[in-house]
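Dear colleague,

I am passing on the structure we spoke about, together with some notes on what turned up in it. Please have a look at the sequence and the coordinates before reading further.

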Amino acid sequence: MILLRKWIEHRQLLLALASGILIVIAWVLERSAIPAFFTVSIFISAYLIGGFYKAKEGIEEFINERKFSVEILMILAAIGAATIGYWMEGAILIFIFALSGALETYTMNKSHQEISALMNLQPEEATLLKDGTEKTVAVSELRIGDLVRVKPGERISTDGVIFTGRTTIDESALTGESLPITKQVGEEVFTGTVNLSGMIDVSVTKPAEETLFQKIITLVQSAKDEKSPSQQTIEKFEGPYVKIVLIFVTLMMFLPYFLLGWSWHESFYRAMVLLVVASPCALVASVMPATLSAISNGARQGILFKGGVHLEQLAHIKAIALDKTGTITNGTPVVTNLYIHPEINENDLFHAICAIENQSSHPLARAIVTYCKQQGIEPVKPDVIENKSGWGIIGTVDGEVWKIGKPDFFSFEKGEAFQEIAAGMSDAGQTLVFAGKENQDEVIAVFAIEDTIRDVAIEAIQSMKNEGIAAYMITGDHEKTAKKIASEVELDGYSANCLPEEKVIEIEKLKKQFQKVAMVGDGINDAPALARANIGIAMGAGSDAAIETADIVLVKNNLAKIAKAIQLSKRLNRIVMQNILFSIAVILLLIVGNFMQHVSLPLGVIGHEGSTILVILNGLRLLKN
């Protein structure tokens, strides 16, 4: 079974090598007393074995699409060489052509292996917790809200949040980052990652077909089939070019004989050499192997390109627009400052505030509860809760009534000490939540809350600038916050208070100024702007709408990967251009040399097929980081 699988995977290469061995045997026999019939028979075997796949490919394409391809040229060239007695040269042509085809297949297989490796990391079974008992079930049977137990050393079988436990998780399969991450209750975990230490129970948040892992597999599969502009151009050019070559080969057979006084043998021989050297094999192989190698490289680093077109175009962007929440910032508000009246006991304050805010699902309330828990406070159930819509919340804890909310919820005349502090904090772009006792009707504490900047944001944006790309922020947040964030991460500009349709307008403005613009976002509200930008980049932990709309997906919210993606795109374009210029130069040089009668058929075969192998090997360099 293993041998059969290996044969199927490498059969094209093995047949090419078998063809090469037969050529060596025939060459040795030619120099002995063996009758020519035997050596010719071996050469014919080399033709059939080495050229089977390429001939089959060319003939099927001609029959199904009525399209001439380089495979047809190679078949005709090999047959032509044989008809004038150059069996060795024709066989070598077939051998090297088959070998270059095997290299292209190897590149395709590397891309397939990226998908296979991902799929192998996806668990098929999970340990479901139901009524306190463990039950092994298929991952496809899991439903949102189910509890799944993951023991140390096991792969996590679902996207979800940790319900109980604390552990260290290896997310390298998704992110390309080698350092494990410590996670605890409430934090997200993803399918295919490895639980390294503690036992955890995970609450399922997505069905199996919608997990981040499954999206990655789908994206990589679709990327293989989408061709870059360079590849599309070359494929459009291939058919007419082959027809032109066949016309010139036909003319070469006769015109030199009648016009230049060449012998009939020399005219036919030069026509066969022209058929070999003018074939665009190297040109056709200039783009696809390099593009697939780059896509595979990006997938290993947690950068998913939805097709070669986006990978190729990324190098040309001149400006990048970034959403704020969830992109530049963490997307989760936290308490960054706290001011408490000096006569108030902190523990009593935290105890009451935590109990009341724990009854609310508002992000600001969640931030305050998290902060209180970090101070060692566990929330209790308040005696009474009353929401004051648009203002705040009133709650009774241990017989005392507390008010939490906006500044207008209190009489500021009784809390003058906080006016100057509150004004300064508000100017700094922070959101303020005020707390006090209702019977006193004055502020005794101010929580300053803000969405903090990601650790990698400043470095990532600087990396983009180093690549010559202007960085802008487009956010729906208010002016003060946007200005503060823009200043801290050193952006070139920003637009605040933007609704989804206004983000599209801002993208259009940037496109008029910079022509090629990328947009980075993670939310549903970013989807229209992602679609309107030349390149849309979505954060992998973002909304489904953003991921589906974008052209590139960063598996985790790591802005530093954008600079790496741009560098990879520039490397791809550079290598493709090298390949195209080199292959055209070789074709022209060999054509001129042939017309001047300086290129023999063996030299033409080696020069032409050698250049094909070189451009493929040059493209394979993109497999390396």
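What share of the residues in the chain is buried? Buried residues, meaning those under 20% relative accessible area, with exposed used for values over 50% and partly exposed for those in between (1.4 Å probe, protein chains only), make up 51% of the 625 residues. Please bear in mind that this is a predicted model, in which local features need pLDDT of at least 70 and side-chain atom pairs count only at pLDDT 80 or more, whereas totals for chains, interfaces and linings use all residues. Residues are numbered from 1 along each chain as its sequence is written, and side-chain values use heavy atoms, with hydrogens and water left out.

The chain as a whole

The chain has 22 helices and 22 strands, both taken as DSSP runs numbered from the N terminus, with at least four residues of H or I for a helix and at least two of E for a strand. If a contact is taken as heavy atoms within 4.5 Å, then among contacts between residues at least 6 apart in sequence, 68% join residues at least 24 apart. The accessible surface of the chain is about 28900 Å², and 58% of that belongs to carbon and sulfur atoms; the areas come from the Shrake-Rupley method with a 1.4 Å probe, and for residues only the protein chains shown count as cover.

The seven-stranded sheet

An open sheet of seven strands runs in the order E10-E22-E21-E20-E11-E18-E19, with mixed pairing, where two strands pair if DSSP finds at least two bridges between them. Strand E10 (303-305) and E19 are at the edges with a single partner strand each, so one side of each has no neighbour in the sheet. Neighbouring strands here are turned by 20 degrees against each other on average, direction ignored. Within the sheet, E21 (residues 535-539) and E22 (residues 552-554) pair in the parallel sense over three bridges, and Met-539 stands opposite Leu-554 in E22.

Salt bridges

The structure holds 13 salt bridges, each defined as a side-chain nitrogen of Lys or Arg within 4 Å of a carboxyl oxygen of Asp or Glu. Lys-570 forms one of them with Glu-467, their closest N and O atoms being 3.0 Å apart, and this pair links distant parts of the chain, since Lys-570 is in helix H21 (residues 560-595) and Glu-467 is in the loop between H16 and strand E18 (470-474), 103 residues apart. Lys-570 is partly exposed, at a relative accessible area of 28%.

In another, the closest N and O atoms of Glu-508 and Arg-532 are 2.8 Å apart; Glu-508 lies in helix H18 (residues 500-514) and Arg-532 in helix H19 (residues 527-532), so the pair ties together parts that are 24 residues apart in sequence. Glu-508 is partly exposed at 26% relative accessibility, and Arg-532 is partly exposed at 38%. Salt bridges with shared partners also join Glu-134, Arg-149, Lys-151 and Asp-201 into one network.

A bend, a hairpin and positive phi values

Helix H2 (residues 36-65) bends by about 65 degrees at Gly-51, the bend being the angle between axes fitted to the seven residues ending there and the seven starting there. Gly-51 is also among the buried residues of H2, which include Phe-43, Tyr-47 and Lys-54. After H2 comes Arg-66, with a positive phi near 50 degrees.

Strands E1 (residues 125-130) and E2 (residues 133-138) run antiparallel and are joined by six bridges, forming a hairpin with two residues between them, where Asp-131 in the turn has a positive phi of about 55 degrees. Most residues other than glycine have a negative phi.

How values were computed:
Axes are lines fitted to C-alpha atoms, for helices over the stretch in contact, and angles run from 0 to 180 degrees between N-to-C directions.
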